Amino acid sequence: MTIEDKLLEIAAYTLPALITGGVAFVMMQKFYNSEESKRKFELLRENQKQALPIRLQAYERMVLFLERINPTQLLLRVAPTSKSKDDYATILSHHIQTEFEHNLTQQIYLTAETWDIVLKAKNSTVQLIRKNALREDVADADKLREAIMLELTETEAPSTIAISYLKEELKRVF
């Protein structure tokens with residue numbers, strides 16, 4: 001037996017073993033990756049199952065916040081303590097800010113775009129109150145209430161627009 005025959009014999013045994021080992025390695029790697037993706041999917045599904053009620057609650061709280069800062073609701077709930085329109089505007093703004101601070105942590109569970117809409121609704125409502133308080137024809141707190149209510153008959157309240165957006169977002173997300 002010559003060296004060439006020995007090398008050929010070694011190659012005849014080694015080559016199939018290497019091919020079998022390579023195929024086994026690739027199959028094991030695919031199996032491992034598949035199992036890893038299954039574990040990640042199960043973990044994600046479990047997290048979503050636990051987070052879904054919390055996210056829904058956050059949306060509910062934001063709708064409640066927007067309802068509470070709706071100028072129509074706010075004016076009915078918060079009566080003027082004096083005749084001063086500036087004092088009343090400050091009280092209304094303070095109520096809005098207090099409600100906002102109470103719900104500040106809900107932004108964690110909302111999309112960035114939704115949180116931005118909520119912020120814009122809050123700021124627009126405060127701006128609506130301040131704008132009407134600066135009007136010359138509004139003399140006292142009662143006239144301020146009337147001016148705000150009159151403006152809301154002509155335009156939609158910012159919080160109403162935001163609530164509509166939140167409802168549409170919920171339909172898309174859930």
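**Helix packing in a predicted model**

Colleagues, I begin with the record: UniProt, in an unreviewed entry, places the feature "transmembrane region" at residues 12–32. Positions from UniProt are given here in the numbering used for this model, feature names are shortened, and annotations may be inferred rather than shown by experiment. In the coordinates, the span 12–32 is 100% helix and 0% strand, and its end C-alpha atoms lie 31 Å apart. Helices here are DSSP runs of H or I with at least four residues, strands are runs of E with at least two, and both are numbered from the N terminus.

Some words on the basis of what follows. This is a predicted model, in which local features need pLDDT of at least 70 and side-chain atom pairs count only at pLDDT 80 or more, while totals for chains, interfaces and linings use all residues. Residues are numbered from 1 along each chain as its sequence is written, and side-chain values use heavy atoms, with hydrogens and water left out.

I turn to helix 3. This helix covers residues 85–102, 18 residues in total, and reaches 26 Å from its first C-alpha to its last, close to the 26 Å expected at 1.5 Å a residue. The expected span is 1.5 Å times one less than the number of residues. Its buried residues are Lys85, Tyr88, Ala89, Leu92, Ser93, Ile96, Glu99 and Phe100. Seen down the axis, these buried residues fall within an arc of 135°, so they line one face of helix 3. That arc is taken from the directions from the helix axis to the C-beta atoms. Buried means under 20% relative accessible area, exposed means over 50%, and partly exposed lies in between, with a 1.4 Å probe and protein chains only.

Which exposed residues does the face of helix 3 turned away from its buried side carry? They are His94, Glu101 and His102. The buried residues, for their part, pack against helix 1 (3–69), helix 2 (71–77), helix 4 (112–133) and helix 5 (141–154). At the N-terminal end, Ser84 caps helix 3, with a side-chain oxygen 3.4 Å from the backbone nitrogen of Asp86. A polar contact is a pair of N or O atoms within 3.5 Å; within protein, one must be able to donate a hydrogen and the other to accept it, and residues adjacent in sequence count only if both atoms are side-chain atoms.

Next, the aromatic residues. A search of the whole structure finds two aromatic pairs. In one of them, the rings of Phe65 and Phe100 have centres 6.0 Å apart and planes at 50°, so the pair is tilted. Phe65 lies in helix 1 and Phe100 in helix 3, so the pair ties together parts that are 35 residues apart in sequence. The rings of Phe, Tyr and Trp (its six-membered ring) pair if their centres lie within 6.5 Å; planes under 30 degrees apart count as stacked, over 60 as edge-to-face and the rest as tilted. Phe65 is buried at 1% relative accessibility, and Phe100 is buried at 9%. Ring pairs link Phe65, Phe100 and Trp115 into a cluster.

Asn103 belongs to the loop between helix 3 and helix 4. This residue is buried, with a relative accessible area of 4%, and its side chain reaches the backbone oxygen of Glu99 at 3.0 Å. Leaving aside neighbours within four places in sequence, Asn103 is in contact (heavy atoms within 4.5 Å) with Arg61, Met62, Phe65 and Trp115. Gln106 is in the loop between helix 3 and helix 4 as well and is buried at 7% relative accessibility. With residues up to four places away not counted, Gln106 touches Ala58, Arg61 and Met62.

Ala141, Leu144, Ala147, Ile148, Glu151 and Leu152 are buried. They cover an arc of only 135° around the axis, which puts them on the same side of helix 5. On the other side, Leu150, Thr153 and Glu154 are exposed. What covers the buried residues of helix 5 includes helix 2, helix 3 and helix 4. Asp140 caps the N-terminal end, with a side-chain oxygen 3.3 Å from the backbone nitrogen of Asp142.
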